[in-house]
Structure formats: structure tokens, C-alpha cells
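User: I have a structure open and want to go through it piece by piece. Can you take my questions as they come?

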Amino acid sequence: MDGVCLGVDVGSTYCKAAVLNDKRELTGYHIVRSGVSFEQAAEVAAKTSLSMAGHALADVTACVSTGYGRENVPFRNNTISEISCHSKAAFAKYKSKLILLDIGGQDNKVVQLDDKGKRVNFIMNRKCAAGTGAFLEEMAMRLGIRMDDMDRYARAADKIVELGSFCTVFAGTEILGKIREGETVSNLVKGVFYSVIKRISAMAKLEGKVVMTGGVAANNPYIVEMMREMAGCEVLLPTHPQLFGAIGAALYASEPVTSGSGRS
Amino acid sequence: MVEPLEQIAGKKLDLDLLKQVVANSKKTSQLWSQCLEINMNQPAPWTFFDSCIHMGPAVVMRGMESANSYYVELLKELQEKVRSGAAAVDGEKHRLFWAGMPVWGKIGSMSKTFGSLKANVVASTYCSSWVFDDLDAERPFESMGKVYSELYIAGSAERKARVLQQFFDQFKIDGVIYHDAWTCPFCNESRYGMPVRLNAKNGLPYIVIDGDLNDLRCFSEEQSRTKIEALMEELEGI
């Protein structure tokens, strides 16, 4: 489809928008906190990303929304699940069999694609947000540091302080105990990262090409390095890991028929 | 068992009455089974969520004449729907199987979600758990012992896998929903790798929904909907 294609991924924590031109090149993008009004966040993300691409909302040929708030995007033409959108973007970029690990604000997804881009399997975490961005946010608060600084702290660690629980509440209590014992913040942050990796690694057997996406990987590239070391396979971090849902949605918008879950 | 039970009840066993109740139970079971099997028709005239409601008499009134009258009427209605081509889900595109217990507090919203996606959950292990083909009025004790020890949920993983595959074939299933009910590990086919093993054999797409039969704190509406929509998209090749 010619024209300007817009994808909006309204996640639990951040709202992402991506604009593709008629060559399916990324020409604009924006990430904004989802906040308490998904509609408003979607509008800000869309308009800002379109502005970056030199366009306005009126220029959009088609818009597909995805993510938790996918139905809160008033200007959408269609909705497609984030599982499909992430898969679409991953295969468009890597064009090979792969395992996608997406760590979001509230949930983790593991999607296996075959060499034709078909989904072989996908797994999401349970209702519990253990091992997600929400877990990191809580741990940062417990440690009295900014989330943005976690990557820096983890890199400075000289060991991993292993946490016995994936549970945010139990891990938080455990961290308090470790602080009392005199563990350094760096070693604790590395332990928190290790906990995230263990949680998502337990969801599926990691082999072949593994691609990590989502805000956690985007903001903490050291987690990707740790995963690479632990998994012992090829672990890739794309240029825009947090935008994969939005890019996938925009790719669907660029196709002639986007039937999707289709409740628009 | 008769003697101690007679002491507890304070009256003698009426063997003729027991035989009559077992005969009625078998009739209930047969009628209920026919009601469920009618969903082998395409389009299916009712849904798993409907049958969760209508299985009441088969569960708690088995052996009573009134349960049989109920299912005679229900069967007539379902047969009429099949004759007239009435579908429970207009434009039925996908036929799904529900493995495990229902999320009781969500059967209404789930029914609407699947309906809006043109998908019908046409069969389940759960509603079929009240089908007891081998009840025999002439051998009431032995046959009761047999049917209750041969319950689906009491079987081995291998047997469960065979039964599931039979369902998939008979009902022309396109995809499977496994409900991992936290508080019911027995009526739960989502554990110990069952979905992966079956998928490796039959290639049917599946999802596992986390939840519970009663405790809705274990259930996430949003996550479940995302999984269901992703399954539908997979079935549509998106």
C-alpha cells in the first residue's frame, strides 16, 4: 500500500508509534508514557512520530494499533495482537528462523518463528509481572536508584547476588536483607538482572538466533549481554527494540488487507 | 459398603430402586452425550459455554426422571437448530476445543469474545466428564465402580492424549485452548508438556490460558484476550 503507514503500540507502561514510508522504511517514531489516558498517549505518540516523518495525522493511509490499549486508539483502522506485530517486525528484519524474547512493562513474551516467519509457538508469562519491567521498577525503588541507572550499576558489579524468588514482593524483601548484610548496590542490580533472565529463559528452550526486544532490553543493554553469556547462543539486540510492536503494526498497516482481530 | 451405609442412613437398601436409578443415570448420560455430540455438525448449534450451564442436571440430577426430561427437550431443540442450519456463532470460521475446567466467573465474557472473533468452542473434556456409557442397571455396583474409576481425569497422560486426539478428529478442531486452572491440577491438560507433545503430533495451534475455576485473582482478562486474539490470527495466517 502506498503512502504513510502508522503503527501504534499502546503498552502498559509506554506507548510507542512508528511511521513507515511506502518503501516500508522507518521515517518517524516516538515513545511516551502510557499514563492514565491511553487515547491521549496514542495521539501524542502518533502526532510526534508523524511530525518527525514530515507528516500529519491526515496524511496517514492506514493505522494499525496493538498492545494492551490497542482499542483505545481512536484513529486506528484495525487492531492486531502484539504477538503477531512483534513477530511481523522480527521476521521483516531478520528473515530467518528465530526466537523472540520481548520483555515489556507488565509481561514477557517468547515467540518462536520458523524460517518462513510462521509462528511455531508463543508463550506469555502468567498474570504475575515477575521478571518484567514492573519488577525492575520495584527493585530500583527498593535500592533507591533511578531505573535509568540500573544498567550502569550492573556493569560495575563484581559478582551476581542471586535472588531466591522471582516474585516482586519476596525479591523486594530479600533485597532488604541483602542490603543489611552489606551487599553493594551494583551486585544486587546484577542479581536483579539475572533474575529477569532466569525468568524468561525458563519459559522456553533458547537456541539458534534469539532476538531481544521491549523496553527492558532497550534501556538495559547489559541484560542482553548477560543473556548472551548465559544462553550460549546468538542473542541480538535490534536498533529499536522498544519499537518492534509499533513497527509490526505499521507493517500490517502497509498491507492491502489487514483483517487482524478486526474489531474496528 | 451396603451394611455400614444402611446403618448411617438408618434404612435398608432398596436394590430395585438402586437399579432404577442406575438405569435412569445411564439414560441421562446417553442423552447428555447426544447433546454434546451434536456439535460435530458444522456449524455447531451451541457452544462449550452453553453446555457448561446445561450440564447441571447431568451433574446433580443424574438418575432422576426430571433430568432425562430436561435433556429430551434440549436435544430436540438442538436437533432443530441443526436442521435449520442455525449456528451458535454466526459465520463460524474456527472450531476450537477447551481442555480443562471453565473459568466459571468468565463464561459469559469468554463466550462473547469468541463469538466476536467468529470462533466457536465446540467441545471440551470438562462437559464430557458426565458421560458414563458403561453404567449397567443389572450390575449397579460393578458398573458404578467401573465408570467412576475410568473417569477421564483419573487416566494416565497417555490415555488423556489419546482421548484428546479423538475429540480433535471427531469435532474437526482447528485450535485448542488449554486452561491451566491453578487449583485443579487433575482436570488440567496444560501441564507436564501435554500441549507441546500433542502439537508436535497434530500441528494444531494452541494457547494456554492461566486462570482458575473460581479464583478470579488468578485470571487476567487482558492477557487472556491477547492470547485468544493471537490464536485467531494464527488460524487466519496473519
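User: Start with β1(A). How many of its residues are buried?
Analyst: Seven of the seven residues in β1(A) are buried. Buried means that 20 or more other C-beta atoms lie within 10 Å of the residue's own; 12 or fewer makes it exposed, anything in between partly exposed, and C-beta atoms are placed from the backbone. Strands are DSSP runs of E with at least two residues, helices are runs of H or I with at least four, and both are numbered from the N terminus. As for the source, this is a predicted model, where local features need pLDDT of at least 70, side-chain atom pairs count only at pLDDT 80 or more, and totals for chains, interfaces and linings use all residues. Residues are numbered from 1 along each chain as its sequence is written, and chains are lettered from A and ligands numbered from 1 in the order in which they are written.

User: Which residues of β1(A) point which way?
Analyst: A:Val4, A:Leu6, A:Val8 and A:Val10 point one way, while A:Cys5, A:Gly7 and A:Asp9 point the other way. In a regular strand, side chains alternate between the two faces of the sheet.

User: What does β1(A) pair with in the antiparallel sense?
Analyst: It pairs with strand β2 (residues 14-20) of chain A over six bridges. Strands count as paired if DSSP finds at least two bridges between them. A:Asp9 stands opposite A:Lys16 in β2(A), and three residues lie between the two strands of this hairpin.

User: And how does β1(A) run relative to β4(A), parallel or antiparallel?
Analyst: Parallel, with six bridges joining them. A:Val4 has A:Val60 as its bridge partner, and A:Leu6 has A:Cys63. Strand β4 (residues 60-66) is mostly covered too, with five of its seven residues buried. Two bridges also join β4(A) to strand β5 (residues 78-79), again parallel, and there A:Val64 stands opposite A:Asn78.

User: Back to A:Leu6. What does A:Leu6 touch?
Analyst: Not counting residues up to four places away in sequence, the contacts of A:Leu6 include A:Ala17, A:Val19, A:Cys63 and A:Ala250. A contact means C-beta atoms, placed from the backbone, within 7 Å.

User: Which residues touch the most other members of the largest nonpolar core?
Analyst: A:Leu6, A:Val8 and A:Ala250 do, in a core of 131 residues. Helix α9 (residues 244-253) of chain A gives the most to this core, with eight residues. A nonpolar core is a set of buried Ala, Val, Leu, Ile, Met, Phe, Trp, Tyr and Cys residues joined through C-beta atoms within 7 Å.

User: New topic, chain B. Why does B:Ala123 count as buried?
Analyst: Because B:Ala123 has 27 C-beta neighbours inside 10 Å. B:Ala123 is found in strand β2 (residues 119-124) of chain B. Leaving aside neighbours within four places in sequence, its contacts include B:Leu36, B:Phe48 and B:Phe97.

User: How far is B:Ala123 from B:Ala44?
Analyst: Their C-alpha atoms are separated by 9.8 Å, although the two residues are 79 residues apart along the chain.

User: Last one. How many residues does each chain bring to the contact?
Analyst: Chain B brings 17 residues and chain A brings 16. On the side of chain B, helix α10 (residues 221-235) gives the most, with nine residues. The predictor gives the complex an ipTM of 0.79 and a pTM of 0.86.

Notes:
Two residues are in contact if their C-beta atoms, placed from the backbone, lie within 7 Å.
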